[in-house]
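Trainee: I'd like to learn how to read a two-chain model feature by feature. Can you walk me through one?

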Amino acid sequence: MIGLVDGNNFFVSCERVFNRRLVGRPVAVLSNNDGCCVSRSNEFRELGIAMGTPYYQLRNREKSGELDFCSSNYELYGDMSRRIISILRDEALDVEQYSIDEAFIYPPMGNGIGLVEYGKRLRAKILRWVGIPCGVGFAPTKTLAKIANHIGKKQPDGVFLMPDDPTEILASLPADEVWGVGRRLSRKLRAEQIFTAKDLRDASDDVIRSVGGVVLLRTATELRGKPCSEDRDYDADPDSVSCSRSFGEPVTTLDGISESLASFTAQAATKLRKHDMLASGCNIYAQIFRSGGGGDCIVRTVMFPEPTDATNAMLNAIRPEVPALFLPGTRYRKTGVVFFGLEKVGSARQMDLFAPPKALEASPLYKAIDAINARYGKGKVFSASEGIGDKSWRMKRGKLSKRASTRWDELLTVS
Amino acid sequence: MSKNAKVSGSVVAGFPSPAEQYQETPLDLNALLVKRPAATFFVRVKGESMIGEGIHDGDLLVVDRSLRPASGDVIIACVDGDFTVKTYRRDKDGVRLEPANPDFPVMYMRRGQQLDYFGKVTACIHRF
């Protein structure tokens with residue numbers, strides 16, 4: 001069995017841990033540059049305001065006191081995510097972090113309390129320890145666990161175990177809402193009389209392959225209850241971009257850690273560019289080897305100076321944090337990088353007139369600048385558009401909360 | 001025999017190095033003060049309401065969210081949207097938050113009002 005644990009309205013829930021005035025309020029967290037709504041509280045959803053609604057259209061309703069907004073505080077969210085993952089690692093045989101607020105878990109066998117009870121305890125522990133409410137779903141495959149998780153979130157106790165025969169559930173779920181299918185296949189699916197997840201599961205392999213190739217066939221196989229997502233390419237789902245790998249042999253050197261992370265960052269950045277997306281930051285992690293699987297994970301949250309898809313810019317931000325993952329004399333099983341704060345190139349960035357054009361990244365000019373900087377010191381030559389001195393103005397985050405768990409000078413104050 | 005004679009520090013056979021017994025890792029304040037990193041947050045004290053407990057303005061408190069509050073514990077809670085550090089009391093007179101300074105009032109929980117508990121204070125770090 002595989003479990004999927006995810007934080008409900010994760011960014012909003014993180015804000016609420018440190019700002020209790022937001023509890024019970026219609027509140028949304030905004031994308032970079034305070035562009036549009038990327039995380040909404042239940043109260044906010046109930047007003048019928050869609051994900052992605054531009055902030056400027058809602059400003060009047062904020063002024064009147066009806067709605068609350070926060071800028072995205074990815075450092076805080078990254079740290080809260082790290083805490084949740086570490087709890088999951090203590091409680092599960094293994095954990096695969098899928099995005100900043102989602103992780104697949106492999107529950108321990110025969111713990112004697114049953115999966116639903118196990119899920120409830122897990123959920124209660126995360127809520128008490130970190131303050132984030134989660135949904136938990138269990139099923140034989142990741143694709144089914146995703147569906148179970150969605151149902152779990154609507155249960156009073158937040159947990160759902162997929163029944164042995166999920167036919168009824170699949171029959172009520174539109175096929176294009178299945179994880180990894182996506183709207184772009186809707187028309188082709190309809191043409192083949194595939195409307196629901198059940199139709200997709202029961203269609204013939206040939207039909208499925210003709211509609212969506214081997215990727216869709218894998219999804220259908222998972223709907224049939226056969227795990228098929230080992231080394232799965234998560235490309236179909238652009239709300240998360242990550243890359244990780246277990247080492248063939250445990251790695252014991254800082255070089256090994258930093259080289260693998262650099263390579264995974266480059267690979268993940270390629271994925272980003274393929275989707276024309278930018279990332280605001282990432283969590284990098286290194287998992288310590290433990291025979292029999294699992295093992296503690298050391299995680300650092302890295303913010304990029306601005307949302308980017310440039311490998312160089314990412315590596316420059318990541319490099320200083322890598323040594324913190326490394327304990328001498330320790331054997332590592334796995335490293336990985338999970339990007340967060342993803343946005344489409346050009347979306348909500350119109351304001352940022354001074355951002356270097358994307359094409360410059362690999363241009364001869366940039367290369368020359370890199371070479372000069374490498375020789376005479378970082379930042380000796382930079383484009384004037386990068387700004388001189390304090391660059392905090394670059395990203396518009398007018399409603400930024402305190403980075404209460406990662407900055408000494410921004411701690412919560414208590415009177 | 002030679003193959004499994006000795007495995008990194010843990011002795012199967014042969015003579016241990018006399019120094020091995022005395023090897024110590026440096027003392028780590030984090031390990032001492034933070035038992036559960038996933039549940040531990042630091043907060044900054046503002047004001048003198050808990051001076052009687054040795055908690056001063058500007059001090060750093062170590063807060064463990066995983067611990068349930070018992071009467072008499074120093075806790076962090078949220079009252080009317082503001083976070084506060086007080087002593088938690090629960091007895092026949094009801095639930096209340098007590099300051100450790102006579103200049104500040106005791107805060108009583110009204111009937112049906114739930115305490116918005118954040119975490120238990122496990123240490124206070126005061127710098128001179």
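Mentor: Let's go from the whole chains down to single residues, then to the contact between the chains. Keep in mind that this is a predicted model.

Trainee: Where do I start? How many helices and strands does chain A have?

Mentor: Start with the element count. Chain A has 13 helices and 14 strands, while chain B has one helix and nine strands. Reading chain B from the N terminus, you get β-β-α-β-β-β-β-β-β-β.

Trainee: How do I read a helix? Which residues of α5(A) are buried?

Mentor: The general idea first: an α-helix has 3.6 residues a turn, so residues three or four places apart point the same way. Now the case here. The buried set in α5(A) is Tyr118(A), Gly119(A), Leu122(A), Arg123(A), Ile126(A) and Trp129(A). They cover an arc of only 145 degrees around the axis, so they sit on the same side of α5(A).

Trainee: What do those buried residues pack against?

Mentor: They pack against β1, α4, β7 and β8 of chain A. Just after α5(A), Gly131(A) takes a positive phi of about 95 degrees.

Trainee: Let's zoom in on one residue. Why does Gly78(A) count as buried?

Mentor: Burial here is a neighbour count, with 20 or more C-beta atoms within 10 Å as the cut-off. Gly78(A) has 26 C-beta neighbours inside 10 Å, so it counts as buried. This glycine lies in helix α4 of chain A. Leaving out residues up to four places away in sequence, Gly78(A) touches Ile100(A), Gly281(A), Asn283(A), Thr301(A) and Phe340(A). The C-alpha atoms of Gly78(A) and Val299(A) are 9.3 Å apart, although 221 residues separate the two along the chain.

Trainee: What about strands? In which sense do β2(A) and β3(A) run?

Mentor: For a strand pair, look at the direction, the bridges and the partners. β2(A) and β3(A) run antiparallel and are joined by three bridges. One partner to find is Arg40(A) in β3(A), the bridge partner of Ala28(A). The hairpin has six residues between the strands, and Asn33(A) takes a positive phi near 60 degrees there.

Trainee: Which strand of chain B pairs with β14(A)?

Mentor: It's β3(B), which pairs with β14(A) in the parallel sense over three bridges. To find the spot in the viewer, pick Val414(A), which stands opposite Val45(B) in β3(B).

Note on methods: Residues numbered from 1 in each chain as written. Chains lettered and ligands numbered in written order. Predicted model: local features only at pLDDT ≥ 70, side-chain atom pairs only at ≥ 80, totals over all residues. Helix = DSSP H or I, 4+ residues; strand = E, 2+ residues; numbered from the N terminus. Buried ≥ 20, exposed ≤ 12 C-beta atoms within 10 Å, placed from the backbone. Arc of directions from axis to C-beta. Contact = placed C-beta atoms within 7 Å. Pairing = 2+ DSSP bridges.
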